[in-house]
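Subject: Structure handover

Hello,

Here is the structure for you to look over. My notes on what turned up in it follow below.

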Amino acid sequence: QVQLVESGGGLVQAGGSLRLSCVASGIIFSINAMNWYRQAPGKQRELVARIFSAGNTNYADSVKGRFTISRDNAKNTVYLQMNSLKPEDTAVYYCHTFVGGSKAYWGQGTQVTVSP
């Protein structure tokens, strides 16, 4: 059974930092690309960052230079380091992966709130 469990969200002032973690189980973690998405109230879910099995990364333009995605294959964990947070980063953040190239799995989400 595939499970993705996020942690690390919370309330932070603008300019602050948070680090999100996602622990995966039930998959061969090292071969999977891992993604962080977010969804703000009234908005569509959007891709924030992706890290491939080889370690290369992609970022949404809105977070480039502020967020860093990384992975620890020994711990089956993907991280999202978020610096210089802005109120517009407020959202529920979700961990996501595809298994077998087609079946999508999502974590339960973790709330990030950035106050002005």
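**Around Met82**

Leaving aside residues up to four places away in sequence, Met82 touches Gly16, Ser17, Leu18, Leu20, Arg66, Phe67, Tyr93 and Val112. Contact here means heavy atoms within 4.5 Å.

Before you read on: this is a predicted model, where local features need pLDDT of at least 70, side-chain atom pairs count only at pLDDT 80 or more, and totals for chains, interfaces and linings use all residues. Residues are numbered from 1 along each chain as its sequence is written, and side-chain values use heavy atoms, with hydrogens and water left out.

**The core**

Met82 is one of the residues with the most contacts inside the largest nonpolar core, which has 28 residues. Met34, Trp36, Phe67, Val78, Leu80 and Tyr93 are also among them. (A nonpolar core is a set of buried Ala, Val, Leu, Ile, Met, Phe, Trp, Tyr and Cys residues joined through side-chain atoms within 4.5 Å. Buried means under 20% relative accessible area, exposed over 50%, partly exposed in between, with a 1.4 Å probe and protein chains only.) Strands that each supply at least two residues of this core include β4 (34-39), β8 (77-82) and β9 (91-99). β3 gives the most, with four residues. Strands are DSSP runs (E, at least two residues), numbered from the N terminus.

**Strand β1**

Side chains alternate along β1 (residues 3-7). Leu4 and Glu6 point to one face and are buried. β1 runs antiparallel to β3, joined by five bridges; strands pair if DSSP finds at least two bridges between them. Val5 stands opposite Val23 in β3.

**The disulfide**

A search of the whole structure finds one disulfide (cysteine sulfur atoms within 2.5 Å). Cys22 is joined to Cys95, S to S 2.1 Å. Cys22 sits in β3 and Cys95 in β9, so the pair ties together parts that are 73 residues apart in sequence. Cys22 is buried at 0% relative accessible area. Cys95 is buried too, also at 0%.

**Salt bridges**

There are four (a side-chain nitrogen of Lys or Arg within 4 Å of a carboxyl oxygen of Asp or Glu). Asp89 pairs with Arg38, closest N and O atoms 3.0 Å apart, and with Arg66, at 2.7 Å. Arg38, Glu46, Arg66 and Asp89 form a network of salt bridges. Asp89 is buried, at 1% relative accessible area, and Arg66 is buried at 10%. Asp61 pairs with Lys64 at 3.1 Å; Asp61 is exposed, at 65%.

Best wishes
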